[in-house]
Amino acid sequence: MHVIVAAKDMHSGKMLKVGEAKVMNILDIEKGAFQNLQTKKWMLIGDAVDLGLVEIDYDMDAAGNIYLWGKPLATSRAIG
């Protein structure tokens, strides 16, 4: 479980907040895709995370409870 917090604008090299990235057509959350604006090619968000182009944030305790910025987001029972 993760929460997308930023995506890289390949033109400027800067990490943008999700809202900005969506407006610039860098992220398509519904399709789970990231677009490299230099090549105009799309990739899965998971692949973009692996390449450092999308930042995610989450925290999970030993019981499988997920927290975002210190607040409970989900439990392992809700996910699994």
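**Exercise 1. State the overall make-up of the protein chain and the confidence in it.**

Solution. Begin with the elements: the protein chain has 3 helices and 9 strands. Along the sequence they follow the pattern β-β-α-β-β-β-α-β-β-β-β-α.

Of the 80 residues, 30% count as buried. The chain exposes about 5,400 Å², and carbon and sulfur atoms supply 55% of that area; accessible areas come from the Shrake-Rupley method with a 1.4 Å probe, and for residues only the protein chains shown count as cover. Among contacts between residues at least 6 apart in sequence, 34% join residues at least 24 apart.

For confidence, the mean pLDDT is 83, and 79% of the residues reach 70 or more; pLDDT is the predictor's confidence in each residue, from 0 to 100. Over residues 76-80 the pLDDT is below 50, and this stretch has 6 contacts in the model beyond near neighbours in sequence. Where pLDDT is low, the predicted coordinates should not be read in detail.

**Exercise 2. Work out the order and pairing of the sheet that contains E4.**

Solution. The open sheet has 3 strands in the order E3-E4-E5, with antiparallel pairing. Strand E3 (27-28) and strand E5 (41-44) are the edges, each pairing on one side only. Two strands pair if DSSP finds at least two bridges between them.

Take the E3 side. E3 and strand E4 (residues 33-36) pair over 2 bridges. Across this pairing, Leu27 stands opposite Phe34 and Asp28 stands opposite Ala33. The hairpin of E3 and E4 has 4 residues between the strands, and Gly32 takes a positive phi near 70 degrees there.

Now the E5 side. Here 4 bridges join E4 to E5, and Phe34 stands opposite Met43. This hairpin also has 4 residues between its strands.

Finally, the side chains of E4. In a regular strand the side chains alternate between the two faces of the sheet. Ala33 and Gln35 point one way from E4, Phe34 and Asn36 point the other way, and all are buried.

**Exercise 3. Which non-glycine residues have a positive phi near or about 65 degrees?**

Solution. Most residues other than glycine have a negative phi, and most peptide bonds are trans. Asn25 has a positive phi near 65 degrees. Asn25 lies in the loop between helix H1 (18-23) and E3, and is partly exposed because its relative accessibility is 40%. Lys40 has a positive phi of about 65 degrees. Lys40 lies in the loop between E4 and E5; with a relative accessible area of 53%, Lys40 is therefore exposed.

**Exercise 4. Where is Gly52, and is it buried or partly exposed?**

Solution. Gly52 lies in the loop between helix H2 (45-50) and strand E6 (54-57). The relative accessibility of Gly52 is 43%, so Gly52 counts as partly exposed. Gly52 and Lys8 are 44 residues apart in sequence, while their C-alpha atoms are 8.3 Å apart in space.

How values were computed. Residues are numbered from 1 along each chain as its sequence is written. Side-chain values use heavy atoms; hydrogens and water are left out. Buried means under 20% relative accessible area, exposed over 50%, partly exposed in between (1.4 Å probe, protein chains only). Contact means heavy atoms within 4.5 Å.
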